[in-house]
Amino acid sequence: MLFAGTAHPSLAEEIAEHLGVACAPAQLSRFASGEYYFRPEVSARGCDVFVIQSHAEPVNEAIMEQLVMIDALKRASAKRITAVVPYYAYSRQDKKALAREPISAKLVADLLTASGADRVVSVDLHSGQIQGFFDFPFDHLTALPLLADFLRDHLGLSDGREITVVAPDAGRVKVAERLREWLDTEIAYINKRRARREPHRIEEMVVVGPVGGRDGGGGGARTGRAGGRRDLLRGHPPGALGEGHPAPRGVADQGGRGHQHAAGAGRKADPQADRPVHRPNRGLGAGGRVRGGIGLRDLPRREPAVSL
């Protein structure tokens, strides 16, 4: 049985159509106080249940909605509950960079576990170590083959001599290396030195690898050509490569002709924000095909059963 949250209903419909089934009917609404109410309209007793919800904006509400859905299905005696999370929220907070920081990715894992999930499916996590935050099976899917086919067949990036795959930082070199193997081309990475007390501010950036006169591509939403080689900025959550991000500029400064930003699943940052504020990625996406959907704030509201 498939149950869909409101963050991306069209994705759930496409999955159901591909499987030849229909999304199970359910009542999902909000009380006047803003609290969620979920109740499946069909019996889930003894069934394998999949709860599809990408953690899209507003992120915290999307997470809470999925937790309420999972809890209701657990109490409805579902045999096994799989949380399908194309974009895993807080995945970039998977370790402590400074003292007194949270490990929020682990917190999300604990919440999914406590709500009653038996299995989790996600796409292109920021770090594979997040799988270790769970004590049950975690299916980590990748969109690299789809991205490679799209770049090669639809954008014409088939000549490896004219392309460089660029990892936005040293932590994504392994992911960029896998894409390089699919495209049979060169690889480069961007070495960043971040501010000690401001993790999101970059003080110095050096591009390491062959990008001069080449085209590049990676994880994103913009394309450009100047003359030379194209660069593929790959392997970073789209929230880290918003408009005005220094990574594409750094590649251009080294002589890159232009770039493609390729992302498996995720969100695009608002360049005007003082801190990362994510929006659904409407660029080149594969692991979630983020498109417009019903806003969480637009759910029908229910009057409280008890006035508080």
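User: Is Phe-31 buried or exposed, and what is its relative accessible area?

Analyst: Phe-31 is buried, at a relative accessible area of 15%. Buried means under 20% relative accessible area, exposed over 50% and partly exposed in between, with a 1.4 Å probe and protein chains only. Tyr-37, with a relative accessible area of 23%, is therefore partly exposed. The model is predicted: local features need pLDDT of at least 70, side-chain atom pairs count only at pLDDT 80 or more, and totals for chains, interfaces and linings use all residues. Residues are numbered from 1 along each chain as its sequence is written, and side-chain values use heavy atoms, with hydrogens and water left out.

User: How many aromatic pairs are there?

Analyst: Rings of Phe, Tyr and Trp (its six-membered ring) pair if their centres lie within 6.5 Å; planes under 30 degrees apart count as stacked, over 60 as edge-to-face and the rest as tilted. By this rule there are 5 aromatic pairs. For Phe-31 and Tyr-37 the ring centres are 6.0 Å apart and the planes meet at 85 degrees, so this pair is edge-to-face. Tyr-88 and Phe-134 also form an edge-to-face pair, with 6.3 Å from centre to centre and 80 degrees between the planes.

User: Where do Tyr-88 and Phe-134 lie in the chain?

Analyst: Helices (H or I, at least four residues) and strands (E, at least two) are DSSP runs, numbered from the N terminus. Tyr-88 belongs to the loop between strand S5 (80-85) and helix H3 (104-115), and Phe-134 to the loop between strand S6 (119-123) and strand S7 (138-141), so the pair ties together parts 46 residues apart in sequence. Both Tyr-88 and Phe-134 are buried. Ring pairs also link Tyr-88, Phe-134, Phe-136 and Phe-138 into a cluster.

User: What sits over the ring of Tyr-36?

Analyst: A charge sits over a ring if NZ of Lys or CZ of Arg is within 6 Å of the ring centre and within 35 degrees of the ring normal. Here the charged end of Arg-30 is placed over the Tyr-36 ring, 5.0 Å from its centre.

User: Which are the buried residues of helix H4?

Analyst: An α-helix has 3.6 residues a turn, so residues three or four places apart point the same way. In H4 (residues 144-154) the buried residues are Leu-144, Leu-147, Ala-148 and Leu-151. They span an arc of only 100 degrees around the axis, taken from the directions from the helix axis to the C-beta atoms, which puts them on the same side of H4. The face turned away from this buried side carries the exposed residues Leu-146, Asp-153 and His-154. Gly-156 follows H4 and has a positive phi, near 75 degrees.

User: What covers the buried residues of H1?

Analyst: The buried residues of H1 (residues 9-19) are Pro-9, Ser-10, Leu-11, Ala-12 and Ala-16. Their cover includes strand S1 (2-4) and strand S4 (48-52). H1 is followed by Gly-20, whose phi is positive, near 75 degrees.

User: What is the average pLDDT of the protein chain?

Analyst: pLDDT is the predictor's confidence in each residue, from 0 to 100. The protein chain averages 76, and 66% of its residues score at least 70. Among its elements, S5 has the highest mean pLDDT (98) and strand S15 (residues 278-280) the lowest (39). Over residues 271-297 pLDDT stays under 50, and the model has 77 contacts beyond four places in sequence for this stretch, a contact being heavy atoms within 4.5 Å.
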